[in-house]
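Hello,

Here is the structure I promised to pass on to you. Please open it alongside this note, and take your time looking around before reading on.

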2 protein chains.
Amino acid sequence: MTDHYELTMLQATLASGHADRRCVFEAFARRLPEGRRYGVVAGTGRFLEALADFTFGPEEIDFLRETAVVNDQTLEWLANYRFTGDIWGYAEGECYFPGSPLLIVESTFAEGVILETLALSILNFDSAVAAAASRMTATAGDRPCIEMGSRRTHEEAALAAARAAYIAGFGSTSNLEAGRRHAIPTKGTAAHSFTLLHDSERESFASQLDSLGLNTTLLVDTYDVTNAVELAVELAGPELGGVRLDSGDLVSQAHEVRAQLDGLGATDTRIVVTSDLDEFAIAALQAAPVDAYGVGTRVVTGSGAPAAGLVYKLVAREDANGQLEGVAKKSQDKASVGGRKHALRRRNVTGVAHEERIGIDIAPVDDGDDRDLLVQLVRGGEVLVPTDAQSAREHHARSRAELPTKGLRLSHGEPAIRTVYEDEASRSEVEED
Amino acid sequence: MTDHYELTMLQATLASGHADRRCVFEAFARRLPEGRRYGVVAGTGRFLEALADFTFGPEEIDFLRETAVVNDQTLEWLANYRFTGDIWGYAEGECYFPGSPLLIVESTFAEGVILETLALSILNFDSAVAAAASRMTATAGDRPCIEMGSRRTHEEAALAAARAAYIAGFGSTSNLEAGRRHAIPTKGTAAHSFTLLHDSERESFASQLDSLGLNTTLLVDTYDVTNAVELAVELAGPELGGVRLDSGDLVSQAHEVRAQLDGLGATDTRIVVTSDLDEFAIAALQAAPVDAYGVGTRVVTGSGAPAAGLVYKLVAREDANGQLEGVAKKSQDKASVGGRKHALRRRNVTGVAHEERIGIDIAPVDDGDDRDLLVQLVRGGEVLVPTDAQSAREHHARSRAELPTKGLRLSHGEPAIRTVYEDEASRSEVEED
């Protein structure tokens, strides 16, 4: 899972003798998706796990030889490859802003260049889902969000999406394998096919209640919602766990169904809503009597921003004299900032974040209330940190709680805090464009 | 990789005795993504391969037992599960329209209901990529498109995206594992990091040419394009394979670079452009002297429609008398059409498609120029058709060639052909909303 050019560049540098130059690669976002006020880094744990497995086995080497992608010298190097460098990065779940150095890979050129596709695939997808999911959970407040989007994205991506959504505050997923692999609680109700299979809605509700108990959630919109709610309480009594609405005007229906349930004495029966929900639909439903949101397509596709826009760039390399030197391309609209980065989240005395301070080759000085953002993730090829979703979920909750309140608004806006660079020469402030 | 509710529905029907009712499930799109004129079914081959592996092993069963998702009767059924039914569907690569029955699963309720997530995950993702890719290749005409989006989507999804793009006419991919797994040609140039690693652009170009030969493609926008093109031809001579432009105004740059290359005698040197290309950017570049398009983010994320919007619905089931009966839900805005479908693409005498004719429980009659769309994919659990990308690629080219020319326009519009249903009672035409 590597791009062709990574290996041909490797071949050329092995030949020229520059493959072993010490380098620093950095993953960052030039900008947030349009109108977004913060990003959420996710996938770091998955990347670190994938790094341990990232080797070139006999089948891969044979393929590369048969297709003549690279020469024998390169194949031999690949067959012996294991990453032996250091990696620093933002803790998984951290909020980020334009220019935040989310991943810093310090290694030889050869070892670092071939990680580009792996690192970006994982971080771009997982961070896109987490950023969208975080806006949904921030909007939903205490009401739980259930990730139900597996069927709207690639089958393996679905597992990563469930994990990223959980990191960003979702309470559960519908995907059982995501539950097994990432220790996320799983939830489910019933589909319309279940109702249609039976000879009547009465028979289907009775079957579900018999088998799954009174605490189950009945889907009430297959035929007529009002009739179905009446039938549900008739069969289950006021202990009925919940009903699900999946179509129509959810706001008005939620009010009607809540009144009907309360009138029938089912005051504790929950109302779960689904049907193309996103952060905006959730906002519109917050004033309605809804107990949980089931979110599908829009969370697993990043709610309009399906890739986080992260890039992986060489920012420093050993020069002919053995010194590490910052490098940056000058391409129009895509210029990068050279140098090894350090990062501090500046906070005021009450703990509210107000600035992303990025030091170029120097560490910005903590003025007492700030928070260092870079964590060493890998030393000499060995992973140093936990890679589980639970730790990242807890970190995200803490990180998001520091944002100024304007950062959580759904309307289009600027990044919640500004990014400021400083370097040794100036220690002067240059605001990012 | 199954949704929680599929297994709890299974449990309830195993208890009620309805699990073995003969059923027909159908995957279809209620509508195309906004403004699109046709869809492209992709993923069928991957689904058929996944179906063979879709079993519940000891680790999965243990997880389901420990988490008490379902009871012991259900676990025993799952441990013995293998799909034994029949599946019909559109050939992979086929163009489709609203209501087209892309996949028809004929089995017991139990065997069919647990395939929902697997089938939809694969078809929704792969078809979203293929539909976007097809618009790009149709617009690019004879100019090859290279899929370079691996780093903008989940690492496994990247392989499926490369496959789907290839089916839709892309000529190659940058992803080596996609090349190995799906027999797609791989291509690559060089990254800015390669140039920056070296002490000068001259040194980096020389290194690449030495190792990879004159036919390589040099990236010329790291510093100054005009200087780089001059340097490239100075070092490689007029046999230089290609140059890549990855930033700035590609249309004007392509003209300038072509004139410069021609002036230097490098008349056969190709110009490859990349940088956030999509079908619209390709259209704008068609009048410029460009030789190949490298497309990344926009193709792997479906160019604005990252999920194809396919749903999987029960459309018929055995009733209490053992007869197969069409069923459909009545939910607001989400009503479905019951009955087992048949499908014909009506064509005029010159072979141009003009109607998607869908028979409900009956096969529409071919009037001589039409084409039957449903292929039996699985019989008694055994896959009957090839699952490779090459066959699907050839099928897509034939299917797209039948569309009326208005169907290939990029502007927002209605589906290229209308969908018409007919049934036994009426054989009357009811146009889809």
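This is a predicted model: local features need pLDDT of at least 70, side-chain atom pairs count only at pLDDT 80 or more; totals for chains, interfaces and linings use all residues.

How many residues of domain 1 of chain A are in contact with domain 2 of chain A? There are 23, and they touch 24 residues of domain 2. Between them the two domains of chain A bury about 1,800 Å², with carbon and sulfur atoms giving 61% of that area. On the domain 1 side, the residues that lose the most area to domain 2 are A:V129, A:R393 and A:L410, which together make up 37% of what that side buries.

Eight residue pairs are in polar contact between the domains, counting pairs with both residues at pLDDT 80 or more. Three helices of chain A, namely α2 (44-53), α6 (116-140) and α15 (389-401), each supply at least two residues of the domain 1 side. The largest share, six residues, comes from α15(A). By type, the domain 1 side divides into ten nonpolar, six polar and seven charged residues.

Finally, the count between the two domains includes one salt bridge. As for A:E92 and A:R163, their side chains meet in a salt bridge, at 2.7 Å from N to O.

Key. Residues are numbered from 1 along each chain as its sequence is written. Chains are lettered from A and ligands numbered from 1 in the order in which they are written. Side-chain values use heavy atoms; hydrogens and water are left out. Contact means heavy atoms within 4.5 Å. Buried area is the accessible area (1.4 Å probe) that two parts lose on being put together, summed over both. A salt bridge is a side-chain nitrogen of Lys or Arg within 4 Å of a carboxyl oxygen of Asp or Glu. A polar contact is a pair of N or O atoms within 3.5 Å; within protein, one must be able to donate a hydrogen and the other to accept it, and residues adjacent in sequence count only if both atoms are side-chain atoms. Helices (H or I, at least four residues) and strands (E, at least two) are DSSP runs, numbered from the N terminus. Ala, Val, Leu, Ile, Met, Phe, Trp, Tyr, Cys and Pro count as nonpolar, Asp, Glu, Lys and Arg as charged, and the others, Gly among them, as polar.
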